[in-house]
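Here's a quick briefing on how this one is put together. Have a look at the fold first, then we'll go through it helix by helix.

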Amino acid sequence: MMPKQKRTTHSPELKAKVALEAVRGLKTATEIAQEYGVHPVQVSQWKKALLEDSSTLFDQKRGPKPKAEYRRPMGSDLAFCPPSPPSEAKSKV
């Protein structure tokens, strides 16, 4: 009886590299699979996953984040005191 082989887990970096090369279309899936030591079906699956999920890369909006209102932590001895406006009662010298 032959011992069972453990499944190989591939890093996300390798999957991305293989998928990008498949998307470029310069080589066949079989050529890419031989070069990276994976099965041609995996190349096709990773390419499909890349193409389907690539639109989510640009979902996040850029720009300034909304400012949160200032809240003093509960039990904090530090109080936020805005500068007081100059009083009009000061005498002019």
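Predicted model: local features only at pLDDT ≥ 70, side-chain atom pairs only at ≥ 80, totals over all residues.

A residue is called buried here when its relative accessible area is under 20%, and exposed when that area is over 50%, with partly exposed in between.

**The big picture**

- The protein has three helices and zero strands, and from the N terminus on its elements simply go α-α-α.
- The chain has 93 residues, and 11% of them count as buried.
- If you look at contacts between residues at least 6 apart in sequence, 38% of those join residues at least 24 apart.

**Helix α1, inside and out**

- Helix α1 covers residues 12-24, which is 13 residues. At 1.5 Å a residue it should span 18 Å, and its end C-alpha atoms do sit 18 Å apart, so expectation and model agree.
- The background is simple: an α-helix has 3.6 residues a turn, so residues three or four places apart point the same way.
- Just after α1 comes G25, with a positive phi of about 80 degrees.

**How α1 meets α3**

- For α1 and α3, the angle is about 85 degrees and the axes are 8 Å apart. Angles of 65 to 115 degrees count as roughly perpendicular, so α1 and α3 are roughly perpendicular to each other.
- From α1, the contact uses K15, V18, A19, L20, A22 and V23, while α3 brings V43, W46, K47, L50 and L51.
- Sorted by class, the contact of α1 with α3 has nine nonpolar residues, two charged and no polar.

- K47 belongs to helix α3.
- Is K47 buried, partly exposed or exposed? Its relative accessible area is 32%, so K47 is partly exposed.
- Setting aside residues up to four places away in sequence, K47 touches A19, A22 and V23.
- K47 and A19 are 28 residues apart along the chain, yet their C-alpha atoms are separated by 4.4 Å.

**How α2 meets α3**

- Here the packing angle is about 105 degrees, and the axes of α2 and α3 are 8 Å apart. That makes α2 roughly perpendicular to α3.
- On the α2 side, the contact is made by A29, T30, I32 and A33, and on the α3 side by P40, V43 and S44.
- How do the residues of this contact of α2 with α3 divide by class? There are five nonpolar, two polar and no charged.

**The T30 and P40 pair**

- T30 sits in helix α2, and P40 is in helix α3.
- T30 has a relative accessible area of 44%, so T30 is partly exposed. P40 comes in at 28%, so P40 is partly exposed.
- Along the sequence T30 and P40 are 10 residues apart, and in space they are 5.2 Å apart, C-alpha to C-alpha.
- Leaving out neighbours within four places in sequence, P40 is in contact with A29, T30 and A33.

Methods:
Residues numbered from 1 in each chain as written. Heavy atoms only, no water. Helix = DSSP H or I, 4+ residues; strand = E, 2+ residues; numbered from the N terminus. Expected span 1.5 Å × (residues − 1). Axes fitted to C-alpha atoms, helices over the stretch in contact; angles between N-to-C directions. Parallel < 35°, antiparallel > 145°, perpendicular 65-115°, else oblique. Contact = heavy atoms within 4.5 Å. Nonpolar A, V, L, I, M, F, W, Y, C, P; charged D, E, K, R; others polar. Buried < 20%, exposed > 50% of the residue type's maximum accessible area, 1.4 Å probe, protein only.
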